Amino acid sequence: MTEDKENEPARARILQAAADLFADEGYKAASVRRICEAAKVNVAMVNYYFHSKEELHLAAFDHARELARASAADVAAASARAQLPPVEQLRLAIEALVSDMLRSGHASLFSRLVARELIEPTAAIHKLAERNVRPQHALFTGLIRGVVGSAMPDDVVQKCVFSVIGQAVFYARSRIVHELVAPEITYDEAGIASIARHVSRFSLAALDGMRLEFDAAQVRA
């Protein structure tokens, strides 16, 4: 569809409002009417540009991805080009993932949308999985495999992937609980950096312990 410059701001406002509401409140709670009120446009504009709420949801993911700062994938690619050791590549990717999910503002929208989709799947989950979730899953599968070695069973590696990503999702979606039971954990820039370092250290230590245990079992066998 060809759009003139007069209409482009309206489309951009819809995308931004949709991404914010989908990330903060979820797909079901974020009605088209509320999105349009936030974007200051008529409800008919959503149908004009996106045809349906589901298509707007998908477009909001694409919009948020473009706004993202260095993602885990970007960080991993840069560390691979720099030929950093596998452990360092994974550490940097974990810290990028956690930081992106916990920061506020537009830069974290993409990670927050992914986190929301993981805990509240929508009808668009299959499309979103192909576009966004599956690539991230494949990234961490490869990084973790590089750390634990080729002999560890695939199902164990997959559980490790879920454990790593699950920590980031937990911190991102349970913040209000943390503030009640552990107020010493803060979510300012320093606090987020501390959480990211903790998750990476915790994960790498667990992976190293599992690798050593698996290697010992192989020797005994």
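Predicted model: local features only at pLDDT ≥ 70, side-chain atom pairs only at ≥ 80, totals over all residues.
User: What is the phi of Lys-40 near?

Analyst: Phi of Lys-40 is near 60°, which is a positive value in a residue other than glycine. Gln-83 has a phi near 60° too, again positive and again in a residue that isn't glycine.

User: How do you know whether Gln-167 is buried or exposed?

Analyst: Check its number against the cut-off. Gln-167 comes in at 19% relative accessibility, and buried means under 20%, so Gln-167 counts as buried. Gln-167 is part of helix H9.

User: Which residues does Gln-167 touch, not counting those up to four places away in sequence?

Analyst: They are Val-199, Phe-202 and Ser-203. As for Val-98, its C-alpha atom is separated from that of Gln-167 by 8.3 Å, with the two residues 69 apart along the chain.

User: What makes up the largest nonpolar core?

Analyst: That core has 33 residues, and those with the most contacts inside it are Leu-90, Val-98, Leu-102, Phe-140 and Ile-144. The elements giving it two or more residues are helix H5 (72-81), helix H6 (86-102), helix H8 (125-148), helix H9 (154-173) and helix H11 (189-220). H9 gives the most, with 9 residues.

User: What is Leu-90 in contact with, leaving aside its neighbours within four places in sequence?

Analyst: Leu-90 is in contact with Phe-140, Leu-143, Ile-144, Val-147, Leu-204 and Leu-207. There's also a second, separate core of 32 residues, which includes Ala-18, Leu-56, Ala-60 and Phe-61.

User: Why is Val-177 called partly exposed?

Analyst: Its relative accessible area is 43%. Partly exposed is the range between the buried cut-off of 20% and the exposed cut-off of 50%, so Val-177 belongs there. Val-177 is in helix H10 (residues 175-181).

User: Which residues make the nonpolar surface patch that has Val-177 in it?

Analyst: Ile-176, Val-177, Leu-180 and Val-181 make that patch, with an area of about 440 Å². Patch residues need over 30% relative accessible area, and Val-177 has 43%.

Notes: Residues numbered from 1 in each chain as written. Heavy atoms only, no water. Core = buried A, V, L, I, M, F, W, Y, C linked by side-chain atoms within 4.5 Å. Buried < 20%, exposed > 50% of the residue type's maximum accessible area, 1.4 Å probe, protein only. Helix = DSSP H or I, 4+ residues; strand = E, 2+ residues; numbered from the N terminus. Contact = heavy atoms within 4.5 Å. Patch = residues over 30% accessible without salt bridge, like charges linked within 9 Å, V, L, I, M, F, W, Y side chains within 5 Å. Areas by Shrake-Rupley, 256 points an atom, 1.4 Å probe, with all protein chains shown as cover. Salt bridge = Lys/Arg side-chain N within 4 Å of Asp/Glu carboxyl O.
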